[in-house]
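Dear colleague,

I am sending you a structure for your files, together with a short account of what was found in it. Please open it beside this message as you read.

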Amino acid sequence: MKLTLNKFHVQDIQFAEASSFCSGVLYINKAELAEYLMEDTNICSVDFDIARPGESVRIVPIKDVVQPRFKQSGSGQVFPGFVGDVETVGNGETNVLEDCAVATSGKIVAFQEGIIDMSGPGAEFNSFSKMNILVPLIYPVEGLDKHTHEATVRIAGLKTAAYMAKTTLGLEPDEKEVFEHESILEMGQKYPHLPKVVYVDMVQCQGLMHDTYVYGLNVKGILSTMIGPLEVLDGAIISGNCAAPGHKNATIHHENNPIILDLLRRHGKELCFVGVLLSNESAMLKEKKRAAYYTSSLSQLLGVDGVIVSEEGGGNPETDLMFNCRLHENKGIKTVLVTDEYCGRDGASQGLADVTPEADAVVTNGNGNQFVVLPKMERVIGDIETVRIITGGNVDSIGEDGTVSVEIAAIMGSCCEMGYEHMTTRLR
Amino acid sequence: MGHPFRCITNNPMLIDRGFTDLEYYETDVLELFRVVFQKVNCGYRLLTHPLTGSIRPDITPYKTVLMSGTAGTIDMESVTLIGKAIRYAEDLYRLRDIPVYKKWGKAAREDFQLIDLSIIERALEVEEMGK
C-alpha cells in the first residue's frame, strides 16, 4: 500500500469572493462555506474568524482541531463515514494544508473546551499557535439536545477542513512525502531480522463527548481490531472526545499521529512496523479487560516483539493502559507506554490513577497541573468568560488586568498523549 | 434473585430514571468513593471504574458507580481500584484551598450531571450488547 501526502504550506488565510489556493495563500468565500455547512439544518447560523501566528489573539473555547486534507486520487475520501463515504482510504494521493488548521468553537458544555494563544507564553505549549487557523463559530438551532449539538459541530469542523483542502486539487504541492506499507506476510518475508513492532492506539468510547469514530462508526462495543497506518493518516479516526484540552486526542492528532509517522519512517530500517491495533476505553471494567485481553491476543497472533501503547484521556484510561501493559508483558511482548500526568503543581504526587510493576518503560508528555499565567490578548475569538469553566481554569482564572491563570490542562494539546508536542521524556 | 447491579451516585439526574437499586448520596465525589469503598469491603464488586469519563474528580461534582447487585466474597480487584481512585481524588482535591467543583454555577452543574448520566447509560448500553 502506498500513500503520498502532497503538502501545501499555508502562509496566510484571507476571505475573498472566490475560494482558491494561490502562492501560499488560502482564499475562502465565507458565504459559500457557510452555505455548505448549513446543509445541516441543525445549524442556525455560522460565522468565521481567522487567527494567524504571532497575533495577540486567544481562541476559546475550542472543541476540536482538524488539519485540512482532501484526496487528490485513490480510493475513498478523507474523514470516511462523515465527509467521505465509508470506502477504505489510505492509498493514492492526499493533499494536505500544512501550517493550517480548523478549530471549531462555540459552547457545547464548555468545561472540556480549550485555549489556543497565538502569541506569548501560552503559544509555547502547542504547535497550533504556529498555524493559520480558521475558526468556524457554529450556532445551533434552539432546543438542540447536547448529543446532536456535539455531532453537528464535529461534522461541521470536518466539512470545513475538507472544503479548505479541496482548493488545492490539481495544483503542484510544495513537497511530497511517500509512505509505503506492505502486507503483513510480505513484510515478514522482507524484514525477517528486524524487530516487529505494533502500535496500540487506545481510543475512548464512554458517552457524550467521550467518543471516537472509525470510518464513521463509534468504537463503543467493538472488539479490538487492526487498521492500516496509512488509513489513519487519511482521517479514518475522528475525535468526538471531551478529555481535558491539554491531553485530548484531537482529530489533527489522529491525522498526524506522531507514533505512526515515526514508525512508518523507520519501517524497514530499524524495525518492522506491523500495524496499528485499536483498543477501546470503556467505563465498564469487563469491557476494559476484554479490550486488553483481545488486543494482547492480536499482538501475539501477529508475532510481534514489542508494542507502543498510547492512552486517550486520564483517570480510568490508566487502568486500560496498565491492563494492556501487564497482559502484553505476560505474553513476553515488551511494552512502552505513552501518556501524560497530573502530579500536582510541584510534580510530587503520583501522576497516574493506576500503575502496574510491569510498566517500566513509560514516556510522559507533561504535567497537566503545571500552572501558568497568560497575558491579556488584544483580541479574543469566542468567549473569554468560558476560561472560568474549562478544565484547568476556575471562577477566579481571569484577573482584573485580563491575565488568565490556568493549569496547562486548559491549553489545547499541551500534554498530547501521542507525543505531538515538544514536552516529552528523555533518558539522561 | 436481586437486581444485577446497584447504582451508587451523587447525581440527582439519575433519580426517577428507573434504576431500581439506586442509592443517592448528597455528597461530593471523594466522599462517594469512600461510600463505595465501604460497600466493596462488604463484598459488593465494582462493575464500572470509579473514575469514569475524563473529567477529573476535583472538577466534576458528580459521579455514578455501578456495583454488583448482590454481595459475595470481597473482590480484591475492586478493593485495589477504589483505593487508587480515592488516593487520586485526594491528591487532586489538595490542589486548591477550595476544589474547583465547589464553585460551579447551575448551568455547569447540569452539564456535569448530563455527562455523568450519559456515561452510565453508555455503560449499560454496552452491557446489553452482551445479551
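Predicted model: local features only at pLDDT ≥ 70, side-chain atom pairs only at ≥ 80, totals over all residues.

In chain B, three strands form an open sheet with mixed pairing, and their order is β2-β1-β3. The edges are held by β2 (22-24) and β3 (64-68) of chain B; each has a single partner strand, so one side of each is left without a neighbour in the sheet. From one strand to the next, the twist averages 20 degrees.

Strand β1 (residues 5-9) of chain B is joined to β3(B) by five bridges, and the two run in the antiparallel sense.

The contact between the chains

How many residues does each chain bring to the contact? Chain A gives 37 residues and chain B gives 32 residues. On the side of chain B that touches chain A, the elements giving two or more residues are α2 (76-93) and α3 (106-129) of chain B. Of these, α3(B) gives the most, with twelve residues. Sorted by class, that side of chain B has 18 nonpolar, eight charged and six polar residues.

With kind regards

Technical notes. Residues numbered from 1 in each chain as written. Chains lettered and ligands numbered in written order. Contact = placed C-beta atoms within 7 Å. Helix = DSSP H or I, 4+ residues; strand = E, 2+ residues; numbered from the N terminus. Nonpolar A, V, L, I, M, F, W, Y, C, P; charged D, E, K, R; others polar. Pairing = 2+ DSSP bridges. Axes fitted to C-alpha atoms, helices over the stretch in contact; angles between N-to-C directions.
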